[in-house]
Number of protein chains: 2
Amino acid sequence: MITIYDIALRAGVSSATVSRVINGRPDVSRKTRAAILAIMDELGYRPNATARGLAMKKSKMIGVFIYDHLHSGLVHPFLQDVLSSFQRIVGDEGYDLLIFTNNSKEVQIENQYELRARQRDVDGILLFGIARDDKQLDRLVECGIPCISIDLDLYGPRAGYVTSDNVAGSTLAVQHLHAKGHRQIAFIADIFNSKPGQDRFKGFQQAMRSLGCTINPNWITQADFSESGGYDAVTKLIASGNMPTAIVCASDSMAIGAKHVLEENGFTIGKDISIVGYDDISALSYIKPGITTIKQNRMEMGRAAAQALLELIDNESAVPPILFIPPDLVMRQSVHDLNEFS
Amino acid sequence: MITIYDIALRAGVSSATVSRVINGRPDVSRKTRAAILAIMDELGYRPNATARGLAMKKSKMIGVFIYDHLHSGLVHPFLQDVLSSFQRIVGDEGYDLLIFTNNSKEVQIENQYELRARQRDVDGILLFGIARDDKQLDRLVECGIPCISIDLDLYGPRAGYVTSDNVAGSTLAVQHLHAKGHRQIAFIADIFNSKPGQDRFKGFQQAMRSLGCTINPNWITQADFSESGGYDAVTKLIASGNMPTAIVCASDSMAIGAKHVLEENGFTIGKDISIVGYDDISALSYIKPGITTIKQNRMEMGRAAAQALLELIDNESAVPPILFIPPDLVMRQSVHDLNEFS
DNA sequence: GTGAAAGCGCTAACAC
DNA sequence: GTGTTAGCGCTTTCAC
């Protein structure tokens, strides 16, 4: 391994001077700087991050905790997109990502987050898919390491979060339907009462009210976010004999299930009945006719999280932000324009 | 920060003894070990990984290079599954993952992989989605850092790879069709000639030959792995007026496209014509009737990569393996059993 | 502008 | 069994 001393020797200077050059300090003469730079280049020198970390107590690494539960229909499918844009932003500032792994052998002691973050000297932390009732969070949040989480409300002196604006999302859905002439709208909610699920329902209610539409309690159902859940929910709706003109689903999977029953019962999607999903999962692009849906702005979430975290790291007195990222309406063919007949 | 000296002081021993305890050395008396352990526990002490890394020249980190190109229909969708099982295995051995970010500001100099790996002192490297014509690979492979890549043939004194056995995959598809009485089988190949694409075609050819089926050149087409590619390819097939009894597609997207044209032309999938896809993308589970496909064993790929890498790290003289992970046949409803009528 | 030297937290001979 | 000490590669005062 080639060190700072090798460079110093070749350049006929001390290691301190080389260090100054590495760190772009101004107090080095043009000549020596140029000479040192040339030698570093020639030898393909790279400062060792570990040694630097020890000396500076900074690692130029962002620690990432991902709670890797399968079947987390909501957050999991987006990890890749969010992380990809996050990585791009922090990468430009010289940070690499340290993904903390779960050691299944080790006892799950408390304060795991804080201890492991300290152990690796990470400069900041990104939390992803962490459950809100996680006991270990408290100490992490209070320990002073800059911290941003995705879709989890995290409050602390140096901790904030970014989330997709789920209220705005279903508002979009309702407004779109309303503009197309729909007034009788059903909603299939999340039976688990997850935060995003709650917010999506909240947005539906608010939007309906502010547009002057009455909410028919019989048209509010709950399902388990899955295809079969949506299938069953709409089965009951059909059995009730009292159909709305449109159905907003809290997830695309449920929308797909809804579509299946409806078609089996002779409804033509986008004509006899309208559907709006939520998430724009990849499967949706393969389904005919296309289902209109609400798409979370995943890239933007990653970008926002990265910038917020960088700000917290760079600026000791930055106030931790709470960021709501507005989603987009993706129009396909599942919404019928009732105005055509008015 | 609480250090080894704090522990030593409290325990009335030297830092060396504490270090011995940390590293589980046998040459410490039961009494002092217990005392030290108790104090470490009480103070919530965690050895600093950076300092350790500097002293031992090992970081207990696996470096991960992911080439994050969008539209890489083949490798990208599996990253999460593969990485998730990889992480679990190496995590149990105390390794965390260091994801190298792409600094868009920095000039893309040569040997980037090696330099960055050295800079961070990673103990081993996982490559994912890296293009095989990447110039920087050569030096990395020769520099002696243990290295395993996914779906990229990497050869070196300490470098091997794991890949899904694509030849075996399409062999599975053909054997299944053959068992169901099919002899006239078409194949939609990858127009880009990617390695997986080539192998899938190769497996098709071999299987057909060894089962004594003749390959009709008119039934071999190429498409761009996409839905529309499959659509167009089968459109031509139909236009030719000479239909096979089954179609094997080198990707699920193409299979879905094929299904669409076929249905539009009055064919009933799984009755008039049979289809087999490849990959088992998530969208497939939403499509009716279900398309039979070949599923890569993603978890197993991650597991195998992890174990191979750990072996290379632990055992100086381990020979770098090349591992083919056999995929599975996922049976749905798109294959017709011709034997029912014989 | 540049150098000498101490120190970051830990490991690993080598002594006793 | 345990302590002493010299690094690991870099940064950073403090002199000059």
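1. Let me start inside chain B: the side chains of E42(B) and R10(B) form a salt bridge, with 2.8 Å from N to O. (A salt bridge here is a side-chain nitrogen of Lys or Arg within 4 Å of a carboxyl oxygen of Asp or Glu.) E42(B) sits in helix α3 (residues 30-43) of chain B and R10(B) in helix α1 (residues 4-11) of chain B, so this pair ties together parts that are 32 residues apart in sequence. Over all chains, the structure holds 31 salt bridges.

2. A word on the ground rules. This is a predicted model, in which local features need pLDDT of at least 70 and side-chain atom pairs count only at pLDDT 80 or more, while totals for chains, interfaces and linings use all residues. Residues are numbered from 1 along each chain as its sequence is written, chains are lettered from A and ligands numbered from 1 in the order in which they are written, and side-chain values use heavy atoms, leaving out hydrogens and water.

3. Now the pair of chains.

4. On to the interface. In contact (heavy atoms within 4.5 Å) are 56 residues of chain B and 56 residues of chain A. The buried area is about 4900 Å², with 45% from carbon and sulfur atoms; this is the accessible area (1.4 Å probe) lost when the two parts are put together, summed over both. R46(B), R120(B) and Y286(B) supply 16% of what chain B buries against chain A, more than any other three residues.

5. Six salt bridges cross between chain B and chain A. One of them joins the side chains of D96(B) and R116(A), at 2.8 Å from N to O. Elements giving two or more residues to the side of chain B that touches chain A include α5 (79-92) and α6 (112-120) of chain B; helices are DSSP runs of H or I with at least four residues and strands are runs of E with at least two, numbered from the N terminus. The largest share, seven residues, comes from α5(B).

6. Finally, look at the strands: β2 (residues 96-99) of chain A and β2(B) pair in the antiparallel sense over three bridges, where pairing requires at least two DSSP bridges. There, L97(A) has I99(B) as its bridge partner.
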